[in-house]
Amino acid sequence: MKPPLRLALAMALLAGPAFGWGPTGHRVVGLVAERHLSPAAARAVGELLGPDSLAEVATWADDMRSDSTWKPFEPFHFVSIEDGETYEQSTKNPNGDLFTALARFEAQLADQAAAPADRRAALAWLVHLVGDLHQPLHVGRASDQGGNTILVTWFGEISNLHTVWDDKLIDHTRLSFTEFTNFLDPPSPETLAAWRTGTYLEWARESQDLRAGVYELGDRKLGYSYSFTHLPTIRQRLLQAGVRLAAVLERALVD
């Protein structure tokens with residue numbers, strides 16, 4: 001049986017490309033990172049960004065997606081790994097993916113001989129993509145486009161699973177990015193040190209491991225219960241992303 005026309009149109013519209021954490025989430029990552037930079041790294045960031053902050057440039061990579069000339073960069077925001085696969089076993093996008101982009105922009109930022117404009121762009125990309133890496137559905141399954149084709153309702157409104165994780169769970173708190181950041185519980189020194197270690201692949205495996213819980217949808221009518229279950233995960237992933245972004249910037253700009 002075919003779905004009603006209104007539902008079919010909603011499904012088509014809601015199955016668009018993934019956009020990463022919404023503006024609030026990405027700005028939280030930037031602000032957390034700023035608070036964990038060493039003085040030397042903070043100075044280096046300031047020299048590149050001038051009056052702008054990491055929180056301000058955190059959404060740039062999404063803002064540019066409205067320009068069709070940036071279409072080739074769309075695959076940089078995600079990586080597709082099916083259940084039971086590793087990245088090494090997965091089918092690679094010939095146009096690149098989240099991992100190739102992270103390596104590219106970290107190298108570009110670390111290159112002191114590169115043009116300042118190129119290094120600024122690389123910095124903005126890194127702020128954004130380290131955030132994307134920590135969103136479980138950006139290390140998603142190609143079979144459902146990282147949850148984009150999984151139709152759900154969010155407090156009675158038609159949406160899709162990816163959008164719920166990018167935006168709606170965070171925005172439902174009605175917190176600004178500064179309030180959200182201030183409400184995060186600071187990690188212990190031991191936890192902080194552990195989070196700062198590891199590789200992009202290891203951090204992605206954490207996202208992949210979280211996916212099973214993300215897909216526990218019941219009747220797909222999501223609301224308070226789903227939010228209560230998953231907001232703690234989102235808080236931790238945003239905090240981890242910010243702490244690890246600071247470590248990446250230290251490595252590229254100071255080490």
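Select Glu 202 to begin: its relative accessibility is 37%, so Glu 202 counts as partly exposed. Here, buried means a relative accessible area under 20%, exposed means over 50%, and partly exposed is what falls in between, with a 1.4 Å probe and protein chains only. You are looking at a predicted model, in which local features need pLDDT of at least 70 and side-chain atom pairs count only at pLDDT 80 or more, while totals for chains, interfaces and linings use all residues. Residues are numbered from 1 along each chain as its sequence is written, and side-chain values use heavy atoms, with hydrogens and water left out.

Now show the cartoon around Glu 202: the residue sits in helix H11, residues 200–214. Helices (H or I, at least four residues) and strands (E, at least two) are DSSP runs, numbered from the N terminus.

**Zoom out**

With the whole chain in view, you can look for 12 helices and 5 strands. The C-alpha trace spans about 60 × 40 × 35 Å along its principal axes. A compact globule of 255 residues would have a radius of gyration near 18 Å, and the chain agrees, with 18 Å. That radius is taken over C-alpha atoms, and the globule rule is 2.2 Å times the number of residues to the power 0.38. Of the 255 residues, 47% are buried.

**Into the core**

Next, select Leu 161, Tyr 226 and Leu 249: these have the most contacts inside the largest nonpolar core, which has 66 residues. Helix H12 (residues 224–253) gives the most to this core, with 12 residues. Such a core is a set of buried Ala, Val, Leu, Ile, Met, Phe, Trp, Tyr and Cys residues joined through side-chain atoms within 4.5 Å. In soluble globular proteins, nonpolar side chains tend to be buried together.

Stay with Leu 249 and display what it touches: Leu 37, Val 45, Leu 54, Leu 109, Leu 123, Leu 126 and Val 254, leaving aside residues up to four places away in sequence. A contact means heavy atoms within 4.5 Å.

Which helix holds Ala 101? Ala 101 is in H6, residues 98–110. Ala 101 counts as buried, with 0% relative accessibility. Beyond residues up to four places away in sequence, Ala 101 touches Phe 76 and Leu 129.

Is Glu 106 buried or exposed? At 13% relative accessibility, Glu 106 counts as buried. Its contacts, again not counting residues up to four places away, are Leu 126, Tyr 200, Val 248, Arg 251 and Ala 252.

**Two loops to finish**

Most residues other than glycine have a negative phi. Phe 155, however, has a phi near 50 degrees, a positive value. Find Phe 155 in the loop between strand E3 (151–154) and strand E4 (157–160), where Phe 155 is partly exposed at 32% relative accessible area.

Finally, move to Arg 220, in the loop between H11 and strand E5 (221–222). Arg 220 has a positive phi too, near 70 degrees. With 38% relative accessibility, Arg 220 counts as partly exposed.
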